[in-house]
Amino acid sequence: MNFLRNLLAAIIGCLVAFGILFVMFFIFAALLGSGEDAIEVKQNTVLEMQLQGPIADYVGGDGADPFASLFEPARGLDDILHAIAVAKGDDRIKGISLNNNFVMAGMAQAQALRKALADFKEAGKFIYAYADFYTQKDYYLATVADSIFINPVGALDFKGLSSEVLFFKELQDKTGIKMEVIRHGKYKSAVEPFLENEMSEANRLQIRELIQSLWDNMLTEMAAARGLSETEMNTLADTLGGRLPKMAKNNGLLDGLVFADVYVDKLKRAVEVPDGDLELVSLEDYTRYAKTKKLKKGTDRIAVIFAQGEILYGEGGPDVIGQDLINKALKKAREDEKTKAVVLRVNSPGGSALTSDLIWREVLLTREKKPVVVSMGNVAASGGYYIASAANAIFAEPTTITGSIGVFGTVPNLSGLAADIGINAEQVGTHKNAVDYSLFEPMGDTFRNVVEESIEHTYQTFLNRVGEGRNMSMAQVDSVAQGRVWSGVDAQRVGLVDALGGLEDALAKAAELANITEYGIRKYPKYKTGLERLMEDLGGASANTRKAWLRDEMGEELYRAWESVRPSVDQKGIQAKMPFSLNIK
């Protein structure tokens, strides 16, 4: 027995020691590779932008965490845009090579990247693009380049935008598992898949108008860049005129069909070293270097607070907006004497109405002391718009999805399944309404009426918050509300957004309102470091790991269906959330 006990102790000790050595190895590697001195940028260098992996607006911190690049799966859009801006003024960087397949960024993020790259060209530097396969979003980004190349046996996806919504009513009928739904807003179709087997006309209308607005904006930029008319580009999309590389080139969508080695030769000629070695610096390395270069300086500061992800009650984190982290950041910025203004970057489909109101209140308190300007990312809808409405000014990208002013509640119900498999639930309470709801009984009229009353109260509060922030009457807000979503362009037209622009435009407006010309930037909130998150994950698989495992086991289509249903099962309380899981292709 002692032998087995000693053997087990020795095995556990070895595992612990191995784990410590593993962590220390990565710490050493991070420290060795961190810092400006570790990155060498030579003359006549090309910045190679391979945007693989997910892109978030912000991954946390200020560049002081040497472990972030090791443990953070996403890249920060703010860091990428800063790196491009630094490269514009770096005499050693002669051009950029866009070498992408499947950019994992939202529409507004892609548009922000495209604007930054267009600004880079203003310094007289070149941009070339190359890919084996261009998705539509890849191609939209690539059209900023001076020349676009593709592998001769590659492919280009150019066919316009579409969106697919999954419906579950028949599945509910067959399984006896259903979602009880209470909503306000004729466009509030987040719950429509649980009520119908087909898309309503109101939902079809808003999706069609939304994706048409997004496409029109993309089309204008692509057509101008390629020297084609918008009519010609639309015809090519309708006829799949870019489906083969040769057709795409002949129709003006591309500039050349070349293999990767030939593309490298073209880059060499562009930097005037046709017979020498091509000097490349990766975006990852250059981003680390660029973090040491501050483009904005001053004793005054503007706080940039990133609110990204679904809105849930609690602390929050890199992928979730909780009132704890965001409100602490707002309070800190409000009480900091050096901070003269706040820019709130919102990228959220919404979520908990209660949490949204808690954050709204903190934004309002901050606005009373110093200017607050909102910059909208890919999505700032429902609860995301709720927290934005208290700002002095709101900026959105033309391709931002916003609005969705409406609320709903969903409650799982298993009464049909329970009856089918022989489960009978009996309840006992001390008062008439003590037993308000059971998963195993049909929803009663009293409970439904109470929830409907809460929904109506929340909706009226939402309208009032927006009306106060936007200087609109309740009737005016209601006319553009009802849960309807808008593109940034249309949101400006109906008065929900003040101007079209990105984060830099919002910063400029904040500086104007604060009457400052020179300023530094302080980013919030501060998330846990990469090492802290790693140590937490050692006790079990991380959320990203679990998601990857589920996707592999279930397949992409089934996993997407699960992701559509899961939030409705998990959510608690009244929801101010975007009306559907919009999968634009």
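How many of the seven residues of strand β19 (residues 407-413) are buried? Six of them are, so the strand counts as mostly covered; buried here means under 20% relative accessible area, exposed means over 50%, and partly exposed is what lies in between (1.4 Å probe, protein chains only). Strands are DSSP runs of E with at least two residues, helices are runs of H or I with at least four, and both are numbered from the N terminus.

A word on the ground rules. The model is predicted, with local features needing pLDDT of at least 70 and side-chain atom pairs counting only at pLDDT 80 or more, while totals for chains, interfaces and linings use all residues. Residues are numbered from 1 along each chain as its sequence is written, and side-chain values use heavy atoms, leaving out hydrogens and water.

Back at β19, its partner is strand β8 (residues 178-184), and the two pair in the antiparallel sense over seven bridges. Two strands are said to pair if DSSP finds at least two bridges between them. Across this pairing, Glu180 faces Val411 of β19.

Strand β14 (residues 339-348) runs parallel to β16, with six bridges joining them, and Val343 sits opposite Val373 of β16. Strand β17 also pairs with β16 in the parallel sense, this time over four bridges; here Met376 stands opposite Ala396. In a regular strand, side chains alternate between the two faces of the sheet. In β17 (residues 393-396), both faces are covered: Ala393 and Phe395 are buried on one side, Ile394 and Ala396 on the other.

Then there is an open sheet of six strands, with parallel pairing and the order β9-β6-β5-β4-β1-β10. Its edges are β9 (256-257) and β10 (279-282), each pairing on one side only. Strand β6 (residues 147-156) pairs with β9 in the parallel sense through two bridges, and Phe149 lies opposite Gly256 of β9.

Lys526 belongs to the loop between β22 (520-524) and α21 (530-537), and counts as partly exposed because its relative accessibility is 38%.
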